[in-house]
Amino acid sequence: MSSITFVGLGAIGLPMAQVLAKSGHQVVGVDPIEVARQRAAEAGISAVETITAAPLSPLVFVMVATGDQLNTLLDEAGADLAGQTWVLMSTIGPAAVKSAAGRLSTAGARIVDAPVTGGVVRAQTGELVIFAAGPDAVIDHVRGPLQALGTVRVVGAAPGDGQSIKVVNQHLCSVHIVAAAEALNLAATLGLEQTAVLDLVQHGAAGSWMLSDRGPRMLLGTDAPVTSTINIFVKDSGLVADAAAGSGADVPLLDLARRRYLDAVDLGLGRRDDSRVIETYASDRGATR
């Protein structure tokens, strides 16, 4: 069993920390937000405000939201990280992870680029898919705790390889959520009962994981439970757009989906569940009446 500092106790980070603790690992959480630390304490995870306030651990798991937050964390951690292995599990894009990996390597740390997919539900059950990139020996060193969190898929040897796979993953997630919203809105405009349509189509050839997961919340209204926000998909679809632009890839479907998330922000839905992108279609209907 390992001693782990887990940085980032948000909607997906906290259940990941809980799964690690339940698996027998000694986990101390780090989050600058007091409410997040309080929730962690209620969930049985001891948490501190900064990484320098945490006991020194050989393993640091990072689940922050943005590259800027990761840079702030590295500033706080200092220049001597010899003997530590940092597992970067956030979705922040290849460029940000490569930059962070350079800083960590200079400070003496080993790095695994290991973004995850599966959302809050699979984080809670330890069934995430982890796109791990790094030297084989370093991945093997952290394989035990990673396997507690889900299925480890080794996708490359260099920092950024995991993020590149996650970019492709988030392209599909971004498009699939909007496609589900558009289809359920179409059902409504055809005069169909949306719940019945969802039940009929989600398990057939037209089904998707996002339709089955987000579809029910799309039908709950603005106050649907929040598991991943519109703002997260503004960020993630932006990472996809940046990566596509940098590589010369044509992503017209992604561009259309991203526009919907930005429209949702304009409607004041940025902190709402990402399923609320369906309300951009309701807005369209109102504009045409």
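This report describes the overall build of one predicted chain and then one of its residues, Asp-236.

## Basis of the model

The model is predicted: local features need pLDDT of at least 70, side-chain atom pairs count only at pLDDT 80 or more, and totals for chains, interfaces and linings use all residues. Residues are numbered from 1 along each chain as its sequence is written, and side-chain values use heavy atoms, without hydrogens or water.

## Overall build

The chain has 12 helices and 9 strands. These are DSSP runs, numbered from the N terminus: helices are H or I with at least four residues, strands E with at least two.

The C-alpha atoms fill a box of roughly 65 × 45 × 35 Å along the principal axes. Buried residues (under 20% relative accessible area, 1.4 Å probe, protein chains only) make up 48% of the 289 residues. Contact means heavy atoms within 4.5 Å. Among contacts between residues at least 6 apart in sequence, 65% join residues at least 24 apart.

## A closer look at Asp-236

Asp-236 sits in helix 10, which covers residues 230-247. The residue is buried, because its relative accessible area is 4%.

Set aside neighbours within four places in sequence, and Asp-236 is in contact with Thr-91 and Gln-170. The side chains of Asp-236 and Gln-170 make a polar contact at 2.8 Å. A polar contact is a pair of N or O atoms within 3.5 Å; within protein, one must be able to donate a hydrogen and the other to accept it, and residues adjacent in sequence count only if both atoms are side-chain atoms.

Conventions
Buried < 20%, exposed > 50% of the residue type's maximum accessible area, 1.4 Å probe, protein only.
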